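Here is a short briefing on selected residues and ring pairs. Please keep the structure open while reading.

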Amino acid sequence: MPRISEFALLATPEQNTLCVRRHCASPAEFPAFIGDSFQQLGEYLSELGELMTDIPYVAYNHEPDGSFIVEAGFTVLRPLPGKGDIRPGTITEGKAVMCM
């Protein structure tokens with residue numbers, strides 16, 4: 001029997017984040033970028049002695065030329081400094097779709 005993913009629409013408060021952004025030419029680049037980014041973010045949070053506060057997230061914008069700006073990140077309790085490709089940021093209050 002095929003596995004069916006569950007989707008949910010969530011109301012989310014504003015959240016502090018650490019994230020990595022990258023320009024991707026196609027969705028085929030997403031898996032490697034996301035995996036590398038989550039590893040990099042996890043190592044940095046460990047270095048800081050901090051923890052993520054929720055599940056990791058991925059967001060993307062489809063550009064007019066057909067490429068994508070992709071952001072992979074973790075929510076964190078408070079604003080934290082960036083390092084290298086890792087940037088601090090926020091997710092604004094709003095709605096989000098979750099897929100498990």
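Leaving aside neighbours within four places in sequence, Glu71 is in contact with Cys19, Val20, Arg21, Phe33, Tyr57, Val58 and Ala59. The model is predicted.

- Glu71 sits in strand S4, which covers residues 68–76.
- Is Glu71 buried or exposed? Its relative accessibility is 14%, so Glu71 counts as buried, the cut-off being under 20%.
- Tyr57, one of the residues in contact with Glu71, also makes a polar contact with it: the two side chains are joined at 2.6 Å.

**Aromatic pairs**

- How many aromatic pairs does a search of the whole structure find? The search finds 4.
- Among them is Phe30 with Phe68: the ring centres are 5.3 Å apart and the planes stand at 90 degrees, so this pair is edge-to-face. The cut-off for that class is over 60 degrees.
- The Phe30–Phe68 pair links distant parts of the chain, 38 residues apart. Phe30 belongs to helix H1 (residues 30–48), and Phe68 to strand S4.
- Phe30 is buried, at a relative accessible area of 13%. Phe68 is buried too, at 9% relative accessibility.
- Phe38 pairs with Phe74: their ring centres lie 5.4 Å apart with planes at 35 degrees, so the pair is tilted.
- Phe38 is in helix H1 and Phe74 in strand S4, so this pair ties together parts 36 residues apart in sequence.

**Thr90**

- Strand S5, residues 86–91, holds Thr90.
- Thr90 is partly exposed: its relative accessible area is 45%, and the exposed class begins over 50%.
- Which residues does Thr90 touch, not counting those up to four places away in sequence? They are Glu14, Gln15, Asn16 and Thr17.
- Thr90 and Val76 are 14 residues apart along the chain, and their C-alpha atoms are separated by 9.4 Å.

Definitions and conventions. Residues are numbered from 1 along each chain as its sequence is written. This is a predicted model: local features need pLDDT of at least 70, side-chain atom pairs count only at pLDDT 80 or more; totals for chains, interfaces and linings use all residues. Side-chain values use heavy atoms; hydrogens and water are left out. Helices (H or I, at least four residues) and strands (E, at least two) are DSSP runs, numbered from the N terminus. Buried means under 20% relative accessible area, exposed over 50%, partly exposed in between (1.4 Å probe, protein chains only). Contact means heavy atoms within 4.5 Å. A polar contact is a pair of N or O atoms within 3.5 Å; within protein, one must be able to donate a hydrogen and the other to accept it, and residues adjacent in sequence count only if both atoms are side-chain atoms. Rings of Phe, Tyr and Trp (its six-membered ring) pair if their centres lie within 6.5 Å; planes under 30 degrees apart count as stacked, over 60 as edge-to-face and the rest as tilted.
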